[in-house]
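Visitor: Hello! Could you walk me through this structure, one question at a time?

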Amino acid sequence: MDVDLIFKVAAVGILVAVLNQLLIRSGREEQALMTTLAGLIVVMMMIIEQVNRMFELIKSTFGF
Amino acid sequence: MLCITVVLIINVINEGSRVMSAVITVAAASYVIYFTVSKAVFMLGRIETIISVSGINHDLLDPVIKVAGISICGRMSAELCRDLGSRWAAGNIELLAVILSVVSMSPLIEKVLDIIGSI
């Protein structure tokens, strides 16, 4: 688990936030929602594995 | 320092997309917990050494270490849910953590009752 992961997620977040505002201001709320959804899926795919590794570490450390 | 940086990023992104700031919060919290627990492994190694030297029965201490793990996970998840605006989920997580802790401690309680009974 690297620190880079957080900043990659932050980069995707900033990109999605900007696109979201851009599309909302230009009257395309549906596309804005789709963009947010796509960004959410991409980021979730990035962090799901890391969260799983975290819980595996906790289980092995505390003897579950 | 990392947490301050992440909080600043979250405040910037919060204006544009609350969903993305929530996901960054989860990513950052996971990394911090992962980093902390990976350091705790050394501490637990020391504790194991002390336990073996002092001759304390290992069965008595395993529940205590398990409860510590449950409390870390419960506290982190509850605060994360509260941070993301879901208080009912936080309350449920804390309740479940308490129940799991009591269940984990039950072997210890049985041993104590046995010792009292044998006196």
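**A guided tour**

Guide: Gladly! B:Asn92 has its place in helix α4 of chain B, a helix made of residues 87-118. Keep in mind that this is a predicted model.

Visitor: Is B:Asn92 buried, partly exposed or exposed?

Guide: The relative accessible area of B:Asn92 is 42%. Buried means under 20% and exposed means over 50%, with partly exposed in between. That is why B:Asn92 counts as partly exposed.

Visitor: How far apart in space are B:Asn92 and B:Cys3?

Guide: Along the sequence, B:Asn92 and B:Cys3 are 89 residues apart. In space, going from C-alpha to C-alpha, the distance between B:Asn92 and B:Cys3 is 26 Å.

Visitor: What separation is there between the centres of the two domains of chain B?

Guide: The domain assignment of chain B gives domain 1 (1-55) and domain 2 (57-119). Nine residues of domain 1 of chain B are in contact with nine residues of domain 2 of chain B. Taken over C-alpha atoms, the centres of these two domains of chain B are separated by 20 Å.

Visitor: Where does the largest pocket lie?

Guide: The largest pocket holds about 470 Å³ of space. It has 18 lining residues, and among those closest to its centre are B:Ile10 and B:Asp83. Domain 1 (1-55) and domain 2 (57-119) of chain B both give residues to the lining, so the largest pocket lies between them.

Visitor: Which element gives the largest share of that pocket's lining?

Guide: The elements giving two or more residues to the lining of the largest pocket are α1 (2-16), α2 (18-54) and α3 (58-83) of chain B. By class, the lining has eleven nonpolar, four polar and three charged residues. The largest share, seven residues, comes from α2(B).

Visitor: Now to chain A: is A:Thr61 buried or exposed?

Guide: A:Thr61 sits in helix α2 (residues 29-62) of chain A. Its relative accessible area is 13%, and the cut-off for buried is under 20%. Therefore A:Thr61 is buried.

Visitor: Which residues of chain B does A:Thr61 touch?

Guide: Start within chain A, where the side chain of A:Thr61 reaches the backbone oxygen of A:Leu57 at 2.7 Å. Next, leave out residues up to four places away in sequence. The residues that A:Thr61 then touches are B:Val37, B:Val41, B:Leu44 and B:Ile65.

Note on methods. Residues are numbered from 1 along each chain as its sequence is written. Chains are lettered from A and ligands numbered from 1 in the order in which they are written. This is a predicted model: local features need pLDDT of at least 70, side-chain atom pairs count only at pLDDT 80 or more; totals for chains, interfaces and linings use all residues. Side-chain values use heavy atoms; hydrogens and water are left out. Helices (H or I, at least four residues) and strands (E, at least two) are DSSP runs, numbered from the N terminus. Buried means under 20% relative accessible area, exposed over 50%, partly exposed in between (1.4 Å probe, protein chains only). A polar contact is a pair of N or O atoms within 3.5 Å; within protein, one must be able to donate a hydrogen and the other to accept it, and residues adjacent in sequence count only if both atoms are side-chain atoms. Contact means heavy atoms within 4.5 Å. On a 1 Å grid over the protein atoms alone, a cavity is a set of points where a 1.4 Å probe fits but cannot get out, and a pocket is an open set with protein on both sides within 12 Å along at least five of seven lines; lining residues have an atom within 4 Å of a point. Grid points are joined across faces, edges and corners, and a volume is the space filled by probe spheres set on the points. Ala, Val, Leu, Ile, Met, Phe, Trp, Tyr, Cys and Pro count as nonpolar, Asp, Glu, Lys and Arg as charged, and the others, Gly among them, as polar. Domain bounds come from an automatic or database domain assignment.
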